[in-house]
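Notebook open, structure loaded. I want to jot down what I look up as I go, starting with helix packing.

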Amino acid sequence: MRVLVTGWFSFDEVIATVGDELGADAVVGWLRELGIDHDVAWAPYLGRGPHWRDLDASGYTHLVFVSGPLMDMPLLRELTAAFDHAQRWAVNVSVVPDDARPLFHRVWERDDVSTGTARPDLAIGTTTPDVPVVAVAFAPAQEEYGTRSQADRVRATIEGWLKTRGMPWFELDMDLFDKPYERFPSQVEALVRRADVVVSMRLHALVLGLAHDVPVIACDAVAGGAKVSAQAAALGWPVVLQAGEVDPATLDAALEHALSGTLTGELAEARRRGAAGNAAARAWFVEQLGDGRPER
C-alpha cells in the first residue's frame, strides 16, 4: 500500500491556503502513525516536494485529496484520471453544487449544504510548533547621512533573512499617515506588544520595543553608526548590529541572544534609563522656563 497525498497545494494553476496544508498535515500524521508508505505532491511554485505530474502514478495504490472545495473542474479530472487505477479518497472537503463526488470512491465531507453535513475542519487539530513573531521596522535611505547610508542593502539583507528562515513577521510602519488613513502611536505600540522580538532600523521602533519589554535587534544602517547606535547606548541596550555587520549569520546570533531570556536585566535597565532621561529633560525644560512661568 502506498498513498499519495494531494490537495489544492498540488497545482501550479491555483493558490492554496494555509488551511489546505494543515489538513494535509493531519492526514500525513495518520499515515505515519499507521506506518503506511506515503508521499505528498506539491505545486512546483512551492518547491517543497515532487509534483504529481512527474511521479509514476502506477506506484501508488491510493490517492487522497485533502481540504477545500470539491468541484468538477479540469484540474481535478486530470488528477483523478492520472490515478484512475488507484483508490481515490477526498477528505475534509466542501461539497459544492457542481461537486466532483463521482471522481472519488470515498468522500469525508467537511460540509455539504445539500445534506446539511457540517464537521470540524482538520486544521483545528494543528500541532505545528510555536515560532517567534518578529516585528520589523525598516528605514528609508536617510539623505542627511549622504553616502554613509546603507539602508537599501541592510533592508535587502533583513528581508532575505526573514524569507529563508520562514519566520512570521509584520512590518511596523512608523509614519503618521498611510494614505488614506491616519496612523496613531497606540496602534503601533499595540503591534509591538504582540511581537516576540523587534528588528529595527529605526530609532523609535527600538525605543518602543524596549518601552514595552520586547527585546530588539537594532540594525544601524549608517556606516560608522548614527542615531540608532546612539540611542541603544543611551539606554544601555547591547543587541546592536552596525551596517557592515548585518548578514544572515549575525542576525541569527542576535535573534538567539534576544530570545534567550537572558536580557531581562538589560530590558529593566533600559526602562530605568528612559525614566531618568525623561525626568532630566523635564527638569531642563522647567529650568528654561525660569521666571517666564505663569503664576498660579
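Ground rules first: I take axes as lines fitted to C-alpha atoms, for helices over the stretch in contact, with angles from 0 to 180 degrees between N-to-C directions. Helices (H or I, at least four residues) and strands (E, at least two) are DSSP runs, numbered from the N terminus. This is a predicted model, where local features need pLDDT of at least 70, side-chain atom pairs count only at pLDDT 80 or more, and totals for chains, interfaces and linings use all residues. Residues are numbered from 1 along each chain as its sequence is written, and side-chain values use heavy atoms, with hydrogens and water left out.

**Entry: the helix pair**

I looked up α5 (residues 203–211) against α6 (residues 227–235): their axes come within 9 Å and cross at roughly 25°. That makes α5 roughly parallel to α6 (angles under 35 degrees count as roughly parallel, over 145 as roughly antiparallel, 65 to 115 as roughly perpendicular and the rest as oblique). I noted the crossing of α5 and α6 as right-handed, meaning that the near helix is turned clockwise from the far one by less than a right angle.

Which residues meet? From α5 I have L203, L206, V207 and L210, and across in α6 K227, V228, Q231, A232 and L235; contact is heavy atoms within 4.5 Å. By class, the α5 contact with α6 has seven nonpolar, one polar and one charged residues (Ala, Val, Leu, Ile, Met, Phe, Trp, Tyr, Cys and Pro are nonpolar, Asp, Glu, Lys and Arg charged, and the others, Gly among them, polar).

**Entry: the sheet**

Next I traced an open sheet of five strands, β8-β7-β11-β12-β13, with parallel pairing; strands pair if DSSP finds at least two bridges between them. Its edge strands are β8 (169–171) and β13 (240–241), each pairing on one side only. β11 (residues 197–200) runs parallel to β12 (residues 216–219), joined by three bridges. I found V198 opposite V216 in β12. Helix α5 packs on this sheet, touching β7 (134–137), β11 and β12, and its direction makes about 165° with that of β12.

The K179 to P180 peptide bond is cis, omega near 5°. I place P180 in the loop between β9 (177–178) and β10 (181–182).

Which non-glycine residues have a positive phi? S67 does, at about 75°, and N92 does, near 65°. S67 is in strand β3 (residues 62–70) and N92 in strand β4 (residues 87–95). S67 is buried at 1% relative accessible area (buried is under 20%, exposed over 50%, partly exposed in between, with a 1.4 Å probe and protein chains only). N92 also counts as buried, at 1% relative accessibility.
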